[in-house]
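This report describes one protein chain. Please look at the sequence and the structure shown below before reading on.

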Amino acid sequence: MKGLFRYLFVGVLLGATGVSAASPKCQLTIHSDDQIYWDVSDIKVSNACKNFTVTLIHDGQLSKDVMGHNWVLAKTEDSEPLLRALITEKSNDYLSDDPRIIAHTKLLGGGQVSMVTFEVSKLQLGQAYSFFCSYPEHVGLMHGTLELIED
Ligand SMILES: [Cu+2]
(Lines give C-alpha, C1' and ligand atoms only; values in the text may rest on other atoms or scores of the structure.)
Protein backbone atom coordinates (compact mmCIF):
# COMPACT_ATOMS: atom_id res chain seq x y z
CA MET A 1 0.00 0.00 0.00
CA LYS A 2 2.82 2.33 0.94
CA GLY A 3 4.57 1.58 -2.34
CA LEU A 4 1.46 2.31 -4.34
CA PHE A 5 0.99 5.63 -2.55
CA ARG A 6 4.55 6.63 -3.32
CA TYR A 7 4.05 5.74 -6.98
CA LEU A 8 0.89 7.83 -7.18
CA PHE A 9 2.56 10.74 -5.42
CA VAL A 10 5.47 10.77 -7.90
CA GLY A 11 2.94 10.61 -10.71
CA VAL A 12 1.14 13.67 -9.39
CA LEU A 13 4.41 15.57 -9.11
CA LEU A 14 5.41 14.73 -12.67
CA GLY A 15 1.95 15.66 -13.88
CA ALA A 16 2.11 19.01 -12.14
CA THR A 17 5.52 19.75 -13.64
CA GLY A 18 4.23 18.91 -17.09
CA VAL A 19 1.33 21.32 -16.71
CA SER A 20 3.50 24.19 -15.54
CA ALA A 21 6.02 23.69 -18.35
CA ALA A 22 3.25 23.86 -20.95
CA SER A 23 1.35 26.75 -19.42
CA PRO A 24 1.97 30.24 -20.80
CA LYS A 25 3.85 32.95 -18.96
CA CYS A 26 1.11 35.16 -17.58
CA GLN A 27 3.25 37.65 -15.73
CA LEU A 28 6.19 39.95 -16.33
CA THR A 29 8.54 41.93 -14.11
CA ILE A 30 9.88 45.27 -15.35
CA HIS A 31 12.90 46.95 -13.77
CA SER A 32 13.51 50.69 -13.77
CA ASP A 33 15.96 52.85 -11.84
CA ASP A 34 17.17 56.45 -11.43
CA GLN A 35 17.54 56.79 -15.18
CA ILE A 36 14.69 57.40 -17.61
CA TYR A 37 14.78 53.73 -18.48
CA TRP A 38 13.14 50.34 -18.13
CA ASP A 39 14.19 46.96 -19.41
CA VAL A 40 11.19 45.98 -21.54
CA SER A 41 10.16 47.21 -24.98
CA ASP A 42 7.83 44.51 -26.25
CA ILE A 43 5.30 42.34 -24.38
CA LYS A 44 3.40 39.37 -25.81
CA VAL A 45 0.37 38.20 -23.87
CA SER A 46 -0.97 34.72 -24.56
CA ASN A 47 -4.73 34.42 -24.93
CA ALA A 48 -4.40 31.21 -22.89
CA CYS A 49 -3.85 33.45 -19.85
CA LYS A 50 -6.97 34.47 -17.93
CA ASN A 51 -5.15 37.31 -16.21
CA PHE A 52 -1.83 39.02 -16.85
CA THR A 53 0.24 40.59 -14.10
CA VAL A 54 2.88 43.29 -14.53
CA THR A 55 5.21 44.06 -11.65
CA LEU A 56 7.11 47.33 -11.93
CA ILE A 57 10.20 47.70 -9.75
CA HIS A 58 12.04 50.98 -9.20
CA ASP A 59 15.57 49.95 -8.25
CA GLY A 60 16.78 53.52 -7.82
CA GLN A 61 16.82 55.93 -4.88
CA LEU A 62 15.26 59.14 -6.18
CA SER A 63 11.77 60.08 -5.01
CA LYS A 64 8.71 59.86 -7.25
CA ASP A 65 8.65 63.66 -7.48
CA VAL A 66 12.08 63.68 -9.12
CA MET A 67 12.24 60.35 -10.98
CA GLY A 68 8.79 58.80 -10.78
CA HIS A 69 7.90 55.80 -12.92
CA ASN A 70 4.61 54.11 -13.64
CA TRP A 71 3.37 51.65 -16.27
CA VAL A 72 0.24 52.57 -18.22
CA LEU A 73 -1.38 50.35 -20.86
CA ALA A 74 -3.73 51.64 -23.59
CA LYS A 75 -4.61 51.03 -27.21
CA THR A 76 -1.84 52.48 -29.36
CA GLU A 77 -4.19 54.97 -31.02
CA ASP A 78 -5.30 56.22 -27.58
CA SER A 79 -1.81 56.57 -26.16
CA GLU A 80 -0.84 60.04 -27.36
CA PRO A 81 -4.08 61.84 -26.40
CA LEU A 82 -4.19 59.88 -23.16
CA LEU A 83 -0.64 60.86 -22.27
CA ARG A 84 -1.41 64.52 -22.97
CA ALA A 85 -4.32 64.25 -20.52
CA LEU A 86 -2.31 62.41 -17.86
CA ILE A 87 0.55 64.89 -17.89
CA THR A 88 -1.84 67.48 -16.40
CA GLU A 89 -2.61 65.15 -13.46
CA LYS A 90 0.39 66.02 -11.31
CA SER A 91 -1.59 65.93 -8.05
CA ASN A 92 -2.88 62.48 -9.03
CA ASP A 93 0.58 61.00 -9.79
CA TYR A 94 -0.02 61.51 -13.55
CA LEU A 95 -2.84 58.95 -13.47
CA SER A 96 -6.63 59.21 -13.69
CA ASP A 97 -9.74 57.09 -14.06
CA ASP A 98 -9.74 57.75 -17.82
CA PRO A 99 -11.47 54.74 -19.44
CA ARG A 100 -8.77 54.62 -22.14
CA ILE A 101 -6.42 53.25 -19.48
CA ILE A 102 -6.61 49.45 -19.67
CA ALA A 103 -4.29 48.91 -16.71
CA HIS A 104 -1.74 50.87 -14.74
CA THR A 105 0.59 50.58 -11.79
CA LYS A 106 1.10 53.24 -9.15
CA LEU A 107 3.71 55.95 -9.62
CA LEU A 108 6.87 54.73 -7.91
CA GLY A 109 9.91 56.32 -6.36
CA GLY A 110 13.17 54.55 -5.66
CA GLY A 111 12.91 51.27 -3.77
CA GLN A 112 9.21 50.83 -4.47
CA VAL A 113 7.28 48.09 -6.26
CA SER A 114 3.81 48.12 -7.78
CA MET A 115 1.88 45.25 -9.30
CA VAL A 116 -1.17 45.35 -11.55
CA THR A 117 -3.27 42.44 -12.78
CA PHE A 118 -5.75 42.81 -15.63
CA GLU A 119 -8.12 40.45 -17.40
CA VAL A 120 -6.72 39.25 -20.72
CA SER A 121 -10.29 39.30 -22.10
CA LYS A 122 -9.88 43.11 -22.23
CA LEU A 123 -7.40 42.64 -25.11
CA GLN A 124 -8.30 41.86 -28.72
CA LEU A 125 -6.30 39.91 -31.29
CA GLY A 126 -4.94 42.18 -34.03
CA GLN A 127 -5.25 45.34 -31.90
CA ALA A 128 -2.02 47.27 -31.24
CA TYR A 129 -1.46 48.26 -27.62
CA SER A 130 1.18 50.53 -26.17
CA PHE A 131 2.52 50.97 -22.67
CA PHE A 132 4.36 53.95 -21.31
CA CYS A 133 5.46 55.87 -18.24
CA SER A 134 3.25 58.96 -17.88
CA TYR A 135 5.74 60.95 -15.79
CA PRO A 136 6.53 64.13 -17.79
CA GLU A 137 9.13 63.66 -20.51
CA HIS A 138 9.68 59.97 -19.78
CA VAL A 139 7.64 58.51 -22.63
CA GLY A 140 10.41 59.00 -25.19
CA LEU A 141 12.57 56.38 -23.50
CA MET A 142 9.93 54.57 -21.48
CA HIS A 143 7.42 53.10 -23.89
CA GLY A 144 6.77 49.84 -25.69
CA THR A 145 4.24 47.73 -27.48
CA LEU A 146 1.99 44.95 -26.26
CA GLU A 147 0.24 42.38 -28.35
CA LEU A 148 -2.24 39.59 -27.67
CA ILE A 149 -1.08 36.33 -29.28
CA GLU A 150 -2.91 33.08 -29.89
CA ASP A 151 -1.62 30.07 -28.01
CU1 LIG B 1 9.27 57.21 -15.72
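## Aromatic residues

Trp38, Trp71 and Phe131 form one aromatic cluster. The model is a predicted one. Under the ring-pairing rule used here, the chain has four aromatic pairs. In one of them, the rings of Phe52 and Phe118 have centres 6.0 Å apart and planes at 50°, so the pair is tilted. Phe52 belongs to strand β3 (residues 51-58) and Phe118 to strand β6 (residues 113-119), so this pair ties together parts that are 66 residues apart in sequence. Phe52 counts as buried at 1% relative accessibility, and Phe118 is buried with a relative accessible area of 2%.

Another pair joins Tyr94 and Tyr135: the ring centres are 5.4 Å apart and the planes stand at 70°, so the pair is edge-to-face. This pair links distant parts of the chain, with Tyr94 in the loop between α3 (76-86) and β5 (103-104), and Tyr135 in the loop between β7 (129-132) and β8 (143-149), 41 residues apart. Tyr94 counts as buried at 8% relative accessibility. Tyr135 is buried too, with a relative accessible area of 11%.

| Pair | Distance of ring centres | Angle of ring planes | Type |
|---|---|---|---|
| Phe52 and Phe118 | centres 6.0 Å apart | planes at 50° | tilted |
| Tyr94 and Tyr135 | centres 5.4 Å apart | planes at 70° | edge-to-face |

## The chain as a whole

The secondary structure comes to three helices and eight strands. Along the sequence, these elements follow the pattern α-β-β-β-α-β-α-β-β-β-β. The chain has 151 residues, and buried residues make up 39% of them. Among contacts between residues at least 6 apart in sequence, 75% join residues that are at least 24 apart. The accessible surface of the chain is about 8,900 Å², and 56% of this surface belongs to carbon and sulfur atoms.

Strands of a sheet pair through backbone hydrogen bonds, either parallel or antiparallel. In this chain, three strands form an open sheet in the order β1-β3-β6, with mixed pairing. Its edge strands are β1 (27-32) and β6, each of which pairs on one side only. On average, neighbouring strands of this sheet are turned by 15° against each other, direction ignored.

How do β1 and β3 run, and how many bridges join them? The two strands run parallel, and six bridges join them. In one of these links, Gln27 has Thr53 of β3 as its bridge partner. By contrast, β3 and β6 run antiparallel and are joined by seven bridges. Here the bridge partner of Asn51 is Glu119 in β6.

Thr55 is found in strand β3. At 9% relative accessibility it counts as buried, because the cut-off for buried is under 20%. Leaving aside neighbours within four places in sequence, Thr55 is in contact with Leu28, Thr29, Ile30, Val113, Ser114 and Met115.

In a regular strand the side chains alternate between the two faces of the sheet. The covered face of β6 holds Ser114, Val116 and Phe118. The uncovered face of β6 holds Val113, Met115, Thr117 and Glu119.

## The copper site

Which residues are the protein donors of the copper ion? They are His69 (ND1), Cys133 (SG) and His138 (ND1), and they lie 2.1 to 2.2 Å from the ion. The spacing of the donor residues in sequence is H-x63-C-x4-H. Cys133 and His138 are both buried.

## Two residues with positive phi

Most residues other than glycine have a negative phi, and most peptide bonds are trans. Asp93 has a positive phi, near 60°. Asp93 lies in the loop between α3 and β5, and at 22% relative accessibility it counts as partly exposed.

The phi of Glu137 is also positive, near 70°. Is Glu137 buried or exposed? At 74% relative accessibility, Glu137 counts as exposed. Glu137 is found in the loop between β7 and β8.

Technical notes. Residues numbered from 1 in each chain as written. Predicted model: local features only at pLDDT ≥ 70, side-chain atom pairs only at ≥ 80, totals over all residues. Heavy atoms only, no water. Donors = N, O, S within 2.8 Å, 3.2 Å for Na, K, Ca; no water. Buried < 20%, exposed > 50% of the residue type's maximum accessible area, 1.4 Å probe, protein only. Phe/Tyr/Trp six-rings, centres within 6.5 Å; stacked < 30°, edge-to-face > 60°. Helix = DSSP H or I, 4+ residues; strand = E, 2+ residues; numbered from the N terminus. Pairing = 2+ DSSP bridges. Axes fitted to C-alpha atoms, helices over the stretch in contact; angles between N-to-C directions. Contact = heavy atoms within 4.5 Å. Areas by Shrake-Rupley, 256 points an atom, 1.4 Å probe, with all protein chains shown as cover.
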